Amino acid sequence: MNNQNMLIKVLQNWNGLSLEKLFRERWRAPKKLVHEWRMSKEVKLNGQAVIWSATLQQGDLLSIPLMEAVENDAVQATNLEIPILYEDEWLLVANKPAGIDTHPSRPGDNHSLINGVAHHLQDTGQSCMIKHIHRLDQDTTGAVLFAKNRLIGSMLDRMLEEREIKRTYVALVEGTLHKKEGEIKEKIGRDRHHATRRRVSPTGQTAVTHYRVINHDPKRNLSLVSCTLESGRTHQIRVHFSHLNHPLAGDTLYGGKEIFPRQALHARKIEFTHPITEEKLVIEAPFLDKPEIFDGNI
């Protein structure tokens, strides 16, 4: 990739596809974006302008104009020393620390994760947009996925919506869970008595949490659990375990005791197929603050 074009080497899996089918069927790129590219007549194959019925062959070099302003100009770069877990020319995964939002929550806020990632891009001489694909709560740590251009952003958004991006969390919950593994299927809605809190509600949105007990600390009566989600509702893991009367350690908003400085929740791993290279990516986020019980095998 350069500052004007995204360069992509055609994969064997794309042999015989037309340019049209690559964009519309395999990538399922947004219609507006495809229209912009068609009208610009700047999409090139092996350096030559081609019609959209042109057939692709492995090893061909596809050039796509980015046609987008650098949106980072609107995101103030702040040196937060954010650890970058994975990065290529299309996307990156950052390891979010506790105590910051994923993106600015109010005007003038420049201390969020995206501000730190913008600084990383600036510091490494990259001129591209940056967009977070999902979010973590302010005091939840771990892996957050970002896209570096509109095409990848739209592809990753769709993959998240269609559950093709798997995120694994670990949580420290109070008490002993009698079932070593299971699922929590309770709808989640807003709590009308509290501005930010959510609650289990029969009229809420469908939410399914799968969990597995990893470890138990009888002295502190805490259990370490691994969780995956079929949905991504706000505070989902926190609400579901509170509903089971096993709130997260430190999660005072949902009934947890102040035995940990924050809600003990960490986005440990993210797995997905890269939308361009089609490689399987498994990216793990090490703990940034690590209670002793997290020493269990995850």
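This is a predicted model: local features need pLDDT of at least 70, side-chain atom pairs count only at pLDDT 80 or more; totals for chains, interfaces and linings use all residues.

Is W37 buried or exposed? I looked it up: W37 has a relative accessible area of 2%, so it is buried.

**Aromatics**

I asked for aromatic pairs and got five in the structure. I opened W14 and W27 and found an edge-to-face pair, with 5.6 Å centre to centre and 85 degrees between the planes. W14 sits in the loop between β1 (5–9) and α1 (19–26), while W27 sits in the loop between α1 and α2, so this pair ties together parts 13 residues apart in sequence. Both W14 and W27 are buried.

Back to W37, this time with F23. Their ring centres are 5.3 Å apart and the planes are at 50 degrees, so I log the pair as tilted. F23 belongs to helix α1 and W37 to helix α2, 14 residues apart, and the pair links distant parts of the chain. F23 comes out at a relative accessible area of 0%, so it is buried too. I then checked how these rings group: W14, F23, W27, W37 and W52 make up one aromatic cluster.

I found R268 lying over the face of F287, 4.9 Å from the ring centre.

**Salt bridges**

How many salt bridges does the structure hold? I get 16, and I went through three of them.

R24 pairs with E20, and their closest N and O atoms are 2.3 Å apart. Both lie in helix α1, four residues apart, which is about one turn of the helix. R24 is partly exposed at 36% relative accessible area, and E20 counts as partly exposed at 21%.

R28 pairs with E162, with 3.2 Å between the closest N and O atoms. This one links distant parts of the chain: R28 is in the loop between α1 and α2, E162 is in the loop between α4 (150–161) and β9, and they are 134 residues apart. I have R28 as partly exposed at 41% and E162 as partly exposed at 35%.

D251 pairs with R238, closest N and O atoms 2.7 Å apart. D251 is in the loop between α5 (236–243) and β15 (265–273) and R238 is in helix α5, so the bridge ties together parts 13 residues apart in sequence. Both D251 and R238 are buried.

**Helix α3**

I counted burial along α3 (residues 113–123): nine of the 11 residues are buried, so the helix is largely enclosed by the rest of the structure. Among the buried ones are L113, G116, H119 and H120. What do the buried residues of α3 pack against? I find β5, β6 (91–96), β7 (131–132) and β8 (141–147). After α3 comes G125, with a positive phi near 70 degrees.

H134 is in the loop between β7 and β8 and is buried at 6% relative accessible area. The residues H134 touches include T102, L160 and I270.

E174 is in strand β9 (residues 166–174) and is buried at 13%. Its side chain reaches the backbone nitrogen of K257 at 2.6 Å. I also list N221, H246 and G255 among the residues E174 touches.

**Positive phi**

Where does K41 sit? I place K41 in the loop between α2 (31–40) and β2 (44–45). Its phi is near 55 degrees, positive in a residue other than glycine, and K41 is exposed at 66% relative accessibility. E81 also has a positive phi near 55 degrees. I find E81 in the loop between β4 (61–65) and β5 (84–87), exposed at 68%. I flagged these because most residues other than glycine have a negative phi.

Notes:
Residues are numbered from 1 along each chain as its sequence is written. Side-chain values use heavy atoms; hydrogens and water are left out. Helices (H or I, at least four residues) and strands (E, at least two) are DSSP runs, numbered from the N terminus. Buried means under 20% relative accessible area, exposed over 50%, partly exposed in between (1.4 Å probe, protein chains only). Rings of Phe, Tyr and Trp (its six-membered ring) pair if their centres lie within 6.5 Å; planes under 30 degrees apart count as stacked, over 60 as edge-to-face and the rest as tilted. A charge sits over a ring if NZ of Lys or CZ of Arg is within 6 Å of the ring centre and within 35 degrees of the ring normal. Contact means heavy atoms within 4.5 Å. A polar contact is a pair of N or O atoms within 3.5 Å; within protein, one must be able to donate a hydrogen and the other to accept it, and residues adjacent in sequence count only if both atoms are side-chain atoms. A salt bridge is a side-chain nitrogen of Lys or Arg within 4 Å of a carboxyl oxygen of Asp or Glu. Lists of a residue's contacts leave out its neighbours within four places in sequence.
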